[in-house]
Amino acid sequence: MARALGWLYKIEAALAVIAYVAVTGLLLAAIIARELFSTSIWGSEKAAVFAAIFAAFFGLTLSTAANTHLRPQFTDNWWPRSVRPVLARVGDYLSAVLFIIIGIVACIYVADTYVNEDKAMILYWPLWVIQIVIPYAFFSSALRHLVFALNPGWKPSPEIIE
Amino acid sequence: MTALFLFLLAFVLLVLRQNVMLILVICAAYIHLFFGDGDVTYLIDDIWTAVNRNALLAIPMFILAGNIMTRGSIAERLIDIMRSLTQWLPGGLAVATILSCAIFAAISGSSPVTLLAVGSILYPALLQQGYDKKFALGALASGGTLGIVIPPSIPLIFYAVVTENSISDLFLAGIIPGLMLTFVLATYSLIVNRHIASEPFDTRKIAAAFKNGIFALMTPVILLGGIYSGYFSATEAAGVAVGYALLVEVFIHREITAADFYDLCVDTARLLGTILPILAVATSINILLTAEQIPQTFANWMTGLVDNKIAFLIMLNVFLLVVGCLIDIISAILMLAPILLPVAMAYGIDPVHFGIIMVVNLEIGYITPPIGLNLIVAMTAFKESFITICRAVVPFIALMLIVLGIVVLFPQTSLILLDR
């Protein structure tokens, strides 16, 4: 299981990196095309926005996997030391349930977009193809919390990131 | 009763160790269910609307550019330039500390990273040259905050996105307050350290330092020059920032490998993964509040209660300073800017000027207890007690408050470059 999660992390990280490379490339290409060749690249900025959305939602799952989400910790000390590990597991179970619920709501939303055949502005791509990353990120985060709840040893120590 | 349950729900989730994003999502869902149209899918629709914006591209790109630029030895290069420029002044190293912090923080976009990068080099140097330890701690902790208002500023981008203002205008508005803060802190550093011996002016040393660090120093110049000469938009400037940072660090400084770049992208994605969902949910809540005309009602109530603009500004600044002591700058901007802006506008305050007021107030929050991030980082990095660091920053806080007062009372400090 740990190996599978490790691979999942690597795949999501690789996709986030590809997305950022795409964002940078698209933005620079648009400027070069405009300033040097007096032309424009059709839909480049919109495509960059979609790539950034992919990176952001993969970032959400990577952040869950690395336990770097912002969490107010001042209430942790309200409980006796012996209860805290149990509470941490309960917290992870609850997080998993909440992410699954939001994931289901996101699925309903994306299904509506699919049924209505909504298209992205400028590019006219089917929107559901891009929006599918939203429920995916929620379900992937739910899976991580579930695994942390079942096996607390696999949960990384919280980091402070700025 | 329904509102009471909302607070209770947030409290229970907090006690059950849920992260900020989940707490906000669940509270937003509750608000949609009981105060909105009763349809939770609108929450996802709002999240989609919030992230599907061109302006949002600037945030990950500027963060990535800052990460790339700060991975190598840029701090050392900038410090060399500032040291060589100021060594002829009595107390020159103190001035170099403030200037290095200001420029490095503007490039990196992170206050604690600045404190660590500049502090690891200059703190031992300051002590070695006989500077007071308390001064050195205060200068580094407060100097690290200077880049927050100097463009390209990440908090100003967040403010622009959440209040739908122009990023370019906010960048321009931040220049004078940022320079004022830097000037005041540098002057104070010069005055209190005037007894420390100086070194002769050395043009060869200056030339060598510039040759080594000019590319890093040019980052803000290229970005702002490109934006205001019309070559690219603020969003495109973020892409240019990444391209330029890669060019400098891979081909000129030769300090970034492909593996490093991969790690930096993953770090950026993780950081954005914590911030953007919060932005998205905060936007959803704000859309609902706006639809229910709550900010406008609050503005009307406030103007009915306090009809004097100066009294309002005093209340606003005290409130923001307290908020800055308790909440981090991004969360404070996301949650409060959309609610406070209509109130400020009701008193005739320009939205761009209000953004600068907000960011300067919250900038001070980095060095105010109980959870000023720079205080905690300085305590860990320099192995000093929390009280020692808190005492060390007191004169710097006082000076920053004076500058804040000037920025608040004289909107021209922010708006003159915008011709408003």
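The structure shown is a predicted model.

**Exercise 1. An aromatic pair**

Classify A:F54 and A:F58 by relative accessibility, and then describe the geometry of their rings.

*Solution.* 

Step 1. A:F54 has a relative accessibility of 26%, so this residue counts as partly exposed.

Step 2. For A:F58 the relative accessible area is 7%, and this residue is therefore buried, since buried means under 20%.

Step 3. A pair of aromatic rings is described by the distance of the centres and the angle of the planes. The structure holds 17 aromatic pairs over all chains. In the pair of A:F54 and A:F58, the ring centres are 6.1 Å apart and the planes stand at 40 degrees, so the pair is tilted. The reasoning rests on the cut-offs: planes under 30 degrees apart count as stacked and those over 60 as edge-to-face.

Step 4. Both residues belong to helix α2 (residues 44-66) of chain A, where a spacing of 4 residues separates them by about one helical turn.

**Exercise 2. Salt bridges within a chain**

Find how far apart in sequence the parts tied together by A:D92 and A:K155 are, and do likewise for B:E384 and B:K133.

*Solution.* 

Step 1. A:D92 and A:K155 meet through their side chains in a salt bridge, at 3.0 Å from N to O. A:D92 lies in helix α3 (residues 84-115) of chain A, while A:K155 lies in the segment after α5 (133-150), so the parts tied together are 63 residues apart in sequence.

Step 2. A:D92 is buried at 3% relative accessibility, and A:K155 is partly exposed at 27%.

Step 3. The side chains of B:E384 and B:K133 also form a salt bridge, with 3.0 Å from N to O. B:E384 is in the loop between α18 (373-382) and α19 of chain B and B:K133 is in helix α8 (residues 133-143) of chain B, so this pair joins parts that are 251 residues apart in sequence.

Step 4. B:E384 counts as buried at 17%, and B:K133 as partly exposed at 36%.

**Exercise 3. A nonpolar surface patch**

Identify which helix gives the most residues to the nonpolar patch, and classify B:I310 by accessibility.

*Solution.* 

Step 1. The patch on the surface includes B:I310, B:I314, B:I402 and B:F410, and its residues together have about 1,100 Å² of accessible area.

Step 2. Two elements of chain B, α15 (309-326) and α19 (386-409), each give two or more residues to the patch. The greatest contribution comes from α15(B), with 5 residues.

Step 3. B:I310 lies in helix α15 of chain B. The relative accessibility of B:I310 is 45%, so this residue counts as partly exposed.

Methods. Residues are numbered from 1 along each chain as its sequence is written. Chains are lettered from A and ligands numbered from 1 in the order in which they are written. This is a predicted model: local features need pLDDT of at least 70, side-chain atom pairs count only at pLDDT 80 or more; totals for chains, interfaces and linings use all residues. Side-chain values use heavy atoms; hydrogens and water are left out. Patches are made of residues with over 30% relative accessible area and no salt bridge: like charges are joined within 9 Å, nonpolar side chains (Val, Leu, Ile, Met, Phe, Trp, Tyr) within 5 Å. Accessible areas come from the Shrake-Rupley method with a 1.4 Å probe; for residues, only the protein chains shown count as cover. A salt bridge is a side-chain nitrogen of Lys or Arg within 4 Å of a carboxyl oxygen of Asp or Glu. Buried means under 20% relative accessible area, exposed over 50%, partly exposed in between (1.4 Å probe, protein chains only). Rings of Phe, Tyr and Trp (its six-membered ring) pair if their centres lie within 6.5 Å; planes under 30 degrees apart count as stacked, over 60 as edge-to-face and the rest as tilted.
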